[in-house]
Amino acid sequence: MSQIASQPEHHDPGAVGAGHTPHVAHHFSDMAQQKESATLGMWLFLATEVMLFGAIFACYTVYRYQYYHEFVTASNHLWVSLGTINTVILLGSSFAMAMAVHSGHDGDSKKITLYLLLTILLGLTFVAIKFTEYVIDYKEGLIPVLKWEPRLADPHQDQHVKLFFVFYFIMTGLHALHMVAGMGVLAVIAWLAHRRKFTSQWYTPVEMAGLYWHFVDVVWVFLFPTLYLVNPALRFHH
Amino acid sequence: MSEATVSVRTYVYVLGGLLLLLFLTVGLAFIPVRPEHERLRDLLTFVGFSIAGTKAVLIILWFMHVKISTPLTWIFSSAAFVWLIIMFALTLSDYTTRDHIRGYPTQHLKYQATGQSTQDYRER
């Protein structure tokens, strides 16, 4: 039997081995094994992200335990309404992302592109609202180092109010940075989908980008109650 | 490749569930609790973070497809969170019990924040 005749037709010479369907690399026996490998690699990366955010959350928790009342005072300067709206937007973007992956499964390139663009649009809205909050914070003098107006008469206690805002800007800033990076990745994938690079057989990049995007959503799901809902009921007791 | 998938209907239900839990957690946070009812406040905080945890699990299982993934993926995806829980458990078991040791210096830090003196605490 001729070797050449048994070679499948392929578009990507670097990623194809003899007897393989396109998109399955040499060292994988089939598509399922290749996809599991990609998924595990992505989860391993996400585990390092859990460590990154987890350590900051742990630091925050310790300080909140020790300076609870100052943290309540600080937290009640945040806009719970804007935080809630942003959570709705981010959950919506995760839904759009899930639909993009679903369209990948159906091999519908047009829908992949549309849902990815919707995801990016919602992501941009989130970042815009976040930026608006930062501007409000600046006007109200809630940014440590840059512009700070004391919130408590005792300077020692006021330091702890400031500490909350140090955490607030590091945590939300790092999260927003992840959003921006994610939107860059999604834009590239949307372009590839538009160029019809994905099929129902192979849409792994869409799925991997989805894992990342959902993870950034999970981080926000914890950030929201951590920063905005320390004890919002207390603001009515003054 | 024949693979399991999640239906659009399930995605809609998951999104609905996530939004419901969000409004629930905001509502709970606004329940007025008198400062002297510290235990109830702690309970509400605990419930609030349990809701956040539930939301995370919903996203991870359905949006991130772990529900329909291989056992190895289950291990990889849970490992990070399991270690995170261990870190929190050990850290908090230290900080939250320091007050139990009479005269331990850090209780001064906490009771300074509440306006109580260390002396008040010892007499309680």
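Read along the sequence, chain B follows the pattern α-α-α-α-α, with 5 helices and 0 strands, where helices (H or I, at least four residues) and strands (E, at least two) are DSSP runs numbered from the N terminus. This is a predicted model, in which local features need pLDDT of at least 70 and side-chain atom pairs count only at pLDDT 80 or more, while totals for chains, interfaces and linings use all residues. Residues are numbered from 1 along each chain as its sequence is written, chains are lettered from A and ligands numbered from 1 in the order in which they are written, and side-chain values use heavy atoms, with hydrogens and water left out.

Of the 124 residues in chain B, 31% are buried; buried means under 20% relative accessible area, exposed means over 50%, and partly exposed lies in between, with a 1.4 Å probe and protein chains only.

**Helix packing in chain A**

Two packed helices are described by the angle between their axes and the distance between the axes. In chain A, the axes of helix α6 (residues 155-194) and helix α7 (residues 204-228) come within 10 Å and cross at roughly 160°, the axes being lines fitted to C-alpha atoms over the stretch in contact, with angles that run from 0 to 180 degrees between N-to-C directions. α6(A) and α7(A) are therefore roughly antiparallel to each other; angles over 145 degrees count as roughly antiparallel, under 35 as roughly parallel, 65 to 115 as roughly perpendicular and the rest as oblique. The crossing of α6(A) and α7(A) is left-handed, a term that applies if the near helix is turned anticlockwise from the far one by less than a right angle, whereas clockwise would be right-handed. By class, the contact of α6(A) with α7(A) has 20 nonpolar, 4 polar and no charged residues, where Ala, Val, Leu, Ile, Met, Phe, Trp, Tyr, Cys and Pro count as nonpolar, Asp, Glu, Lys and Arg as charged, and the others, Gly among them, as polar.

**Aromatic pairs and charges over rings**

Over all chains the count comes to 20 aromatic pairs, a pair being rings of Phe, Tyr and Trp (its six-membered ring) whose centres lie within 6.5 Å, with planes under 30 degrees apart counted as stacked, over 60 as edge-to-face and the rest as tilted. One of them joins Y63(A) and F167(A), which are tilted at 5.9 Å centre to centre with 50° between the planes. Because Y63(A) lies in helix α2 (residues 31-66) of chain A and F167(A) in helix α6 of chain A, the pair ties together parts that are 104 residues apart in sequence. Y63(A) is partly exposed at 32% relative accessibility, whereas F167(A), at 9%, is buried. F224(A) and Y228(A) form another tilted pair, 5.5 Å centre to centre with 35° between the planes; being 4 residues apart in helix α7 of chain A, these residues are separated by about one helical turn. F224(A) is buried at 0%, and Y228(A) is buried at 0%.

A charge sits over a ring if NZ of Lys or CZ of Arg is within 6 Å of the ring centre and within 35 degrees of the ring normal.

| Charged residue | Ring | Distance from ring centre |
|---|---|---|
| K147(A) | Y138(A) | 5.1 Å |
| R98(B) | Y95(B) | 4.4 Å |

**Positive phi in loops**

Most residues other than glycine have a negative phi. R196(A), in the loop between α6 and α7 of chain A, has a positive phi near 60° and is exposed at 57% relative accessibility. H65(B), in the loop between α2 (38-63) and α3 (71-95) of chain B, has a positive phi near 65° and is buried at 12%.
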